[in-house]
Amino acid sequence: MTNTKKTPESQGSHQSSRESQNSHESQDSHESHTPQKSRRPKPMEVLREARAQLAELTGMTAESVSSFEQTEEGWALEVEVLELERVPDTMSLMGSYQVELDAEGQLTGYRRVRRYERGRADARGSR
């Protein structure tokens, strides 16, 4: 059996329940709109994300990272990429790409700085 009368007691309990719910909703919405301080990613997170972003942009497999450093603007990496697969594997064409990321680890630019056959060593005196 339910109370269908609108007595002051029943109205008061419904009203206080609604006020409590509205109070919680406004707290939740306030907390979700509070800007969180962005954290600087860890080096391994940056490496993984840089390889994934470069591979997605170029469509080529990022095989390794040959240099990695933190800069004032974010991060700078040199990534070795398989550009053209050949048989035997030592004849495959590789590319060395300079990749720049911002402080959050998002790729801001890249460029190929060198192209070479996988089986060839750099000539003496070069980089």
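This is a short chat about a predicted model of one protein chain.

Me: How many helices and strands are in the protein chain?
Reply: Two helices and four strands. Keep in mind that the model is predicted.

Me: In what order do the elements run from the N terminus on?
Reply: The order is α-α-β-β-β-β.

Me: What do the four strands form?
Reply: An open sheet, in the order β1-β2-β3-β4. The pairing is antiparallel.

Me: And which strands stand at the edges?
Reply: β1 (61-70) and β4 (107-117). Each has a single partner strand, so one side of each is left without a neighbour in the sheet.

Me: By how much are neighbouring strands turned against each other?
Reply: By 20° on average, with direction ignored.

Me: Let's walk through the pairs. How many bridges do β1 and β2 have?
Reply: Eight, in the antiparallel sense. Strand β2 covers residues 74-84. The two strands form a hairpin, with three residues between them. Within this pair, F68 stands opposite L77 in β2.

Me: What about β2 and β3?
Reply: That pair is antiparallel too, over 10 bridges. One example is A76, whose bridge partner in β3 is E100.

Me: What sits in the loop between β2 and β3?
Reply: P88 is in that loop. A cis peptide bond joins V87 and P88, with omega at about 0°. For context, most peptide bonds are trans.

Me: How many bridges link β3 and β4?
Reply: Nine, again antiparallel. L101 stands opposite L107 in β4. β3 and β4 form a hairpin with four residues between them.

Me: Which residue in that turn has a positive phi?
Reply: G105, at about 95°. As background, most residues other than glycine have a negative phi.

Me: Switching to the helices. Where does α2 lie?
Reply: Helix α2 (residues 43-58) lies across β1, β2, β3 (93-102) and β4. Its direction is at about 135° to β1.

Me: Is β2 mostly covered or mostly uncovered?
Reply: Mostly covered. Of its 11 residues, 10 are buried.

Me: And what share of the protein chain counts as buried?
Reply: 24% of the 127 residues.

Me: I clicked on E80. Where is that?
Reply: E80 lies in strand β2.

Me: Is E80 buried or exposed?
Reply: Buried, yet E80 has no salt bridge.

Me: Which side chain of opposite charge is nearest to it?
Reply: R114, at 4.1 Å.

Me: What else does E80 touch?
Reply: Leaving out residues up to four places away in sequence, E80 touches T61, A62, E63, S64, S66, M94, G95, S96, R114 and Y116.

Me: Last one. What share of the contacts comes from residues 24 or more positions apart?
Reply: 40%, taken among the contacts in the protein chain with a separation of 6 or more.

Definitions and conventions
Residues numbered from 1 in each chain as written. Predicted model: local features only at pLDDT ≥ 70, side-chain atom pairs only at ≥ 80, totals over all residues. Heavy atoms only, no water. Pairing = 2+ DSSP bridges. Axes fitted to C-alpha atoms, helices over the stretch in contact; angles between N-to-C directions. Contact = heavy atoms within 4.5 Å. Buried < 20%, exposed > 50% of the residue type's maximum accessible area, 1.4 Å probe, protein only. Lys, Arg positive; Asp, Glu negative; His and termini not counted. Salt bridge = Lys/Arg side-chain N within 4 Å of Asp/Glu carboxyl O.
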